[in-house]
Amino acid sequence: MSRLDERVKLLQRFIADAAHQIRTPLTALTAQLDLLSQAKLDKSSRQHLDRVQQRTSELARLTNQLLSHAMVIHRADSVQLQPHGLADVARRAFRAAVPITIDPDIIVSFEAPDDEPVVLADAVSLREAIVNIIDNALRHGVVSRLEVRVRSDGTRAHLEVEDDGPGIPPGEWERVTQRFETSKSHDGSAGLGFAIASEVAAAHGGALTFRETSKDGGKGTQGFTVTLTLPIATEKTG
């Protein structure tokens, strides 16, 4: 078991190193494609360029997720958890995940209580988890509304990300938290977003859950909510 554990750790380091090495030429490739997109191209060439740019963007996102996943795994084994305000960590993740170029017609909101819940956490890994949840909503869910909320019920703290998209069918909820799995209702591109969030939640003694939501007793706007739940710290010191 000791040898197996060492081999797994070596493999994880290799994946992180490989992803890091890939990111540099990938950044250069993206820049070259951006320059090419400014050139005058015929319709067929423009279509081919658009497809290459799309695939390059998907590869860049996957590379960043591989690095994020490797970092989360490493920190889970090496970083001591400290008390952190969940709203503070969530607010930073919100600012990082929502681009300044977002469609102005999309309503984006962040809500948190004045007395924010404090959780024992690795703030870096927790921020990565929340960024991935918000990013997934923006890419696959949001039609015109994104709501990020922090709340508590006395013993547990909840980070909720709700959008007005079609959501994920209940039969797929467990599967989409597995590595390189995606909902059939999405574009088919496999990723690590929910896997990262789920693993971070588990490492913090919490859970990642999904629910279908609606306004006005089911007669109004439909929505989908992803919730990251963590136990509240018994003390605020540290």
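This note sets out points on the salt bridges of a predicted model.

1. Overall count. Across the whole structure, a search returns 12 salt bridges. The points below take up some of them.

2. Arg145 and Glu147. A salt bridge joins Arg145 to Glu147, with 3.0 Å between the closest N and O atoms. Arg145 has a relative accessibility of 12% and is therefore buried, since the cut-off for that class is under 20%. Glu147 falls under the same cut-off because its relative accessible area is 13%.

3. Arg145 and Glu162. Arg145 also forms a salt bridge with Glu162, where the closest N and O atoms lie 3.2 Å apart. This pair links distant parts of the chain, the two residues being 17 residues apart. Arg145 belongs to strand E4 (residues 145-152), whereas Glu162 belongs to strand E5 (residues 156-163). Both partners, Arg145 and Glu162, are buried.

4. Asp153 and Arg156. Here the side chains meet in a salt bridge with an N to O distance of 3.1 Å. Asp153, at 37% relative accessibility, counts as partly exposed. Arg156 is likewise partly exposed, its relative accessible area being 43%.

5. The network. Through shared partners, salt bridges connect Arg145, Glu147, Arg149, Arg151, Glu160, Glu162 and Arg211 into one network. The contacts of Arg145 with Glu147 and with Glu162 may be inspected together in the model.

Key. Residues numbered from 1 in each chain as written. Predicted model: local features only at pLDDT ≥ 70, side-chain atom pairs only at ≥ 80, totals over all residues. Heavy atoms only, no water. Salt bridge = Lys/Arg side-chain N within 4 Å of Asp/Glu carboxyl O. Buried < 20%, exposed > 50% of the residue type's maximum accessible area, 1.4 Å probe, protein only. Helix = DSSP H or I, 4+ residues; strand = E, 2+ residues; numbered from the N terminus.
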